[in-house]
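Look at the structure below with its chain contact in mind.

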Amino acid sequence: MALDVTDQTEDEVLLRLYAEGNARAAYALSDRFGPIAYRVALRFLGDGAEAEDVAQDAMMRLWRAAPGWRSGEAKVSTWLYTVTRNLCTDRVRKLTRTKGVGLDQVAEPADPTPGAEDQLTQAARIDALQEALMQLPDRQREAVVLRHLEGLTNPEIGQIMDISTEAVESLTARGKRALATAMAGRRAELGYSDG
Amino acid sequence: MAKTSDPDLTLSGAEAAFLDDLFAEANAAPPGMPAGLQAKLAADAVAMMPSPVTAPPVAPAIVQQSWFAGVVAGLGGWQAMGGLTTALVLGFGIGLAPPDAMETLATDLLGGSAAEQIQDVFWGFDSDLLEG
């Protein structure tokens, strides 16, 4: 029976249709998962060009995995988060090995001369958050991003990072503590009153 | 207060609210895809897509048959060969050592002299086989 591809079609069904040569499933999957791969890679790496490469690589792996995908073993999204994270980790290691610095060290520093308060926008706050995230150790950043920006549960994050739920909680708590400290001096600059 | 098991990691209410606001704003405006990336991903997806599954036409199998298999088939297959062999062995055994019932049956059916003649033939055949 031919299945119609809609926004509500389940991930695994789409993947099976793709493996059977359904072009509509190919477009639906790249629309659904491409932005996730790019967004997560960007938040992990803080570098648009690197994130673009990682997103393409992660999606290529999804296309290769589709024909042998075993139903019920893993959620497609969890699989993609795991692959994207691993690719980001590889990128950071490679960069550290070849240049002796991590991506978080080459990320743009915070602008020391912020503009007037009326120019602060939501985008500026998001940029400030990303800058603070890039100051965190890699694993803390990954845990915080997956928990608070991707909205995953601690067990899901544990599966992706291959650590226990307790370890996820610890990484998240330390990451948020460090974020709060890093952002403390920028509250007024970002339009928040001291409280 | 956002409490954790480690008091050093505990966030004040203001700190927790500040971070929650920032996370909410970031979630409300996720980073968009760079121009062209979505098209690249879709092109990769189509390029990597397996071809639609179509069953190849099945050619009839050509079976090379030996002459012996031909003979077996001509006689009705292996099942018929089994029955034929059993009958052959039994007949040969009865010929060599006919049971008493056979003699009685032959006498009843054919009469005394005819039965004796047949018996003589069988015994003679038996002796010929055994003595050469």
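Are Glu15(B) and Arg177(A) buried or exposed? In this predicted model, Glu15(B) is buried, and Arg177(A) is buried as well. The two residues form a salt bridge whose closest N and O atoms are 2.6 Å apart. This pair crosses between chains, running from helix 1 of chain B, which holds Glu15(B), to helix 9 of chain A, which holds Arg177(A). Leaving out residues up to four places away in sequence, Glu15(B) touches Arg177(A), Ala180(A) and Thr10(B).

The surrounding interface draws 36 residues from chain B and 42 residues from chain A. Between them the chains bury about 3600 Å², with 70% of that area on carbon and sulfur atoms. On the chain B side, Phe18(B), Phe23(B) and Glu25(B) lose the most area to chain A, together 18% of what that side buries.

Polar links are also present: eleven residue pairs are in polar contact between chain B and chain A, both residues being at pLDDT 80 or more. Two elements of chain B, helix 1 (13-28) and helix 2 (37-48), each give two or more residues to the side that touches chain A. Helix 1 of chain B gives the most, with eleven residues. By residue class, that side of chain B divides into 24 nonpolar, six polar and six charged.

Three salt bridges are found across the interface, out of 15 in the whole structure over all chains. Besides the pair described above, Glu52(A) forms a salt bridge with Lys40(B), at 3.3 Å between the closest N and O atoms. Glu52(A) lies in helix 3 (residues 48-65) of chain A and Lys40(B) in helix 2 of chain B, so this pair too joins two chains. Glu52(A) is buried, at 16% relative accessible area, whereas Lys40(B) is partly exposed at 40%.

Within chain A, Glu131(A) forms a salt bridge with Arg186(A), the closest N and O atoms being 2.9 Å apart. Because Glu131(A) sits in helix 6 (residues 122-134) and Arg186(A) in the segment after helix 9, the pair ties together parts that are 55 residues apart in sequence. Arg186(A) counts as buried, at 15% relative accessibility.

A backbone detail remains. Most residues other than glycine have a negative phi. Asp162(A) is not a glycine, yet its phi is positive, at about 60°. Asp162(A) lies in the loop between helix 8 (154-161) and helix 9 (165-184) of chain A. With 69% relative accessibility, Asp162(A) counts as exposed.

Conventions
Residues are numbered from 1 along each chain as its sequence is written. Chains are lettered from A and ligands numbered from 1 in the order in which they are written. This is a predicted model: local features need pLDDT of at least 70, side-chain atom pairs count only at pLDDT 80 or more; totals for chains, interfaces and linings use all residues. Side-chain values use heavy atoms; hydrogens and water are left out. Contact means heavy atoms within 4.5 Å. Buried area is the accessible area (1.4 Å probe) that two parts lose on being put together, summed over both. A salt bridge is a side-chain nitrogen of Lys or Arg within 4 Å of a carboxyl oxygen of Asp or Glu. A polar contact is a pair of N or O atoms within 3.5 Å; within protein, one must be able to donate a hydrogen and the other to accept it, and residues adjacent in sequence count only if both atoms are side-chain atoms. Helices (H or I, at least four residues) and strands (E, at least two) are DSSP runs, numbered from the N terminus. Ala, Val, Leu, Ile, Met, Phe, Trp, Tyr, Cys and Pro count as nonpolar, Asp, Glu, Lys and Arg as charged, and the others, Gly among them, as polar. Buried means under 20% relative accessible area, exposed over 50%, partly exposed in between (1.4 Å probe, protein chains only).
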